[in-house]
Amino acid sequence: MTWPRPVPLVGDPTSAADRSAAPAGWAFDQATVTAVHSVLAARRDVRRYRPDPVPPELLRQVLTAGHQAPSVGHSQPWRFIVVTGQAARDRAALLADRERLRQAELLTAERRAMLLDLQLDGIREAPVGVVVACDRRTPPAGVLGRASFADADMWSCACAVQNMWLAARAAGLGLGWVTLFQPADLAGLLQLPDGVATLGWLCLGWPDERPPGPGLERRGWSHRLPLDDVIMAERWPSADEPARPVSHLAGPDPQAVVAGRDTGDDLLTVPDSLGVLDATVNRVLALRPVPPAGGTLFVAAADHPVARHGVSAYQPSVTADVFSATLRGVSLGAAIARQAGLAVEARYASLAAAGGDLVDTDAMTVADARALAEDGRAIGRRLSDRGLICLGEVGIGNTTVAAALSCVLLDLQPDGAVGLGAGADAAMVRRKQQVVGQAVARARRTHGKRLADPWVLVSSLGGPEVALLAGVTLGAAERRVPVVLDGLLTSVAALLAVRAEPAVQAVLVAGQRSRERAHQAVLTDLGLEPLLQLRLRSGEGVGACLAAQLLLTALRARRATARVAAGSARESRPGKKRG
């Protein structure tokens, strides 16, 4: 039995089936598309104007186009200051004339002469001046999208200028963008408060020129570059930076991503009703047509000589005890894994020779790190046949290792990376911070830019289980099997795998966010949102198993939930009779 698809009374009424059947169904008719491209090609920076007034309704039409621009976090930071008084335009023109002469003095003699021959503004002639001001008084962190790109509000205002330019051109008006001002001078003329910036002056009026091409291009100032000269494939080409690792993996293609998301579009429930869990299910379904029904907790254990510096509240012998309990299925991680229906495997990652303590010597050789990673790859490939893989770890002192790696990977300071670990007190945290700082400084002195190589980094500041877990992650990614991360150390191992093969990120699931200080920064760098935040202190894969149980439940629910009938939108709208 199928049910009619509930169609929202607001928003997008289409379904995934509609969009799949007609991917180009959102397009305008060809005449409209041609008209849009004609306006784009005919936009000109007008400098000469007729004195005829601009009708108020046409001015409002242009301003409306500016107000319809996209803006970061829908903040709409633009403010349109319309200037029609002759006195204000005269003062603005004087400021522009002064700046034009100042800028000319910075050029070669030939360029100076060319610039002075050009008419660069129509401030006195155009009947209307519009100054687009950007209200920046809200701190960047308070606007969605500006915390990382603080100038996105200015870019939003530039989009508003472009909208106004195109609307003016379509209506036969001329618009010219004048930036020949010192920002402080123009702000003073308009009495702008602190925190409000301008993007220059827009001249608006009926044009007294109808240029067939861009003015600076026609006057020989510059020329338009071929399109192929400004298109770059995948990344910016540079011979100066260290060579980035070549990825041999590929993430899901667009068809797989959309297909995974579409499986949730026709459910008899509100779209994205499970929030971040729904988004995770979509990502998992994009990896393979048949999702995992079970999986394995893989626990890696290792000893860490850095523990002798007093960075842990427990004796190193605890590592072997917990590992032994894991093999018997009675450690906390193993017990929770079995409750979640997961198999359990564990490996004690060891070295042929004694490892270093990070402060004075490297943890292992690069060859050791690579060998452990290759062992991990084989394990990851093998475990992939059982379903998803949860990562867990055991090792006294390994939060110190994870913090040191995080400092280099993300350029963190020790006090921003070091957490309490398992039961540390304030004095021990200060000692850990000091040890991490010393270890990072030594690694940078010893290896310099070579630390950009993930295997050099893990050999210097990591531990055997970190290399092993990074390898397991790589092996699982080759088979496109989800890898559910636990705490900081497993997340750092995954980040190292991503640095080696960027496409690995597609298979990662953040099981939880722990209380370790660097963990959120690592998850952010991985682009992952955690499923759980339970303030867990335990390692052993506990958080990963709890999250995996949740994920597997959601995958089963995706298959079991009632579906709506395709093309039944009309039947569920109020006021429509059912046939």
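**Figure 1. Strands S3 and S5 pair side by side.** Strand S3 (residues 128-135) and S5 run antiparallel, joined by 7 bridges. Cys134 has Ala197 as its bridge partner in S5. Buried means under 20% relative accessible area, exposed over 50%, and partly exposed in between (1.4 Å probe, protein chains only). Helices (H or I, at least four residues) and strands (E, at least two) are DSSP runs, numbered from the N terminus. The model is predicted: local features need pLDDT of at least 70, side-chain atom pairs count only at pLDDT 80 or more, and totals for chains, interfaces and linings use all residues. Residues are numbered from 1 along each chain as its sequence is written, and side-chain values use heavy atoms, with hydrogens and water left out.

**Figure 2. Four strands form an open antiparallel sheet.** The order is S2-S3-S5-S4. Two strands pair if DSSP finds at least two bridges between them. Strand S2 (78-83) and S4 stand at the edges with a single partner strand each, so one side of each has no neighbour in the sheet. From one strand to the next, the twist averages 25°. Helix H7 (residues 183-190) packs on this sheet and touches S2, S3 and S5. The direction of H7 makes about 75° with that of S5. Axes are lines fitted to C-alpha atoms, for helices over the stretch in contact, and angles run from 0 to 180 degrees between N-to-C directions. Contact means heavy atoms within 4.5 Å. S4 and S5 pair over 5 bridges in the antiparallel sense. Across from Trp177 stands Leu202 in S5.

**Figure 3. Five strands form an open parallel sheet.** Here the order is S7-S6-S8-S9-S10. Strand S7 (343-348) and strand S10 (508-510) are the edge strands, and each pairs on one side only. The twist averages 25° from one strand to the next. Strand S6 (residues 295-301) pairs with strand S8 (residues 388-394) over 7 bridges, in the parallel sense. Thr296 has Ile389 as its bridge partner in S8. Helix H21 (residues 542-560) lies across S6, S8, strand S9 (483-485) and S10. H21 runs at about 165° to S8.

**Figure 4. The largest pocket is lined by 26 residues.** Its space comes to about 720 Å³. On a 1 Å grid over the protein atoms alone, a pocket is an open set of points where a 1.4 Å probe fits, with protein on both sides within 12 Å along at least five of seven lines; lining residues have an atom within 4 Å of a point. Grid points are joined across faces, edges and corners, and the volume is the space filled by probe spheres set on the points. Nearest the pocket centre lie Asp45, Arg47, Leu120, Gly215 and Leu216. Helix H5 (109-117), strand S4 (174-178) and helix H8 (215-218) each give two or more residues to the lining. The largest share, 3 residues, comes from H8. By class, the lining has 11 nonpolar, 5 polar and 10 charged residues.

**Figure 5. The protein chain holds 21 helices and 11 strands.** Its C-alpha atoms fill a box of roughly 90 × 75 × 40 Å, taken along the principal axes. Of the 579 residues in the chain, 46% are buried. Among contacts with a separation of 6 or more, 80% join residues 24 or more positions apart.

How values were computed:
Ala, Val, Leu, Ile, Met, Phe, Trp, Tyr, Cys and Pro count as nonpolar, Asp, Glu, Lys and Arg as charged, and the others, Gly among them, as polar.
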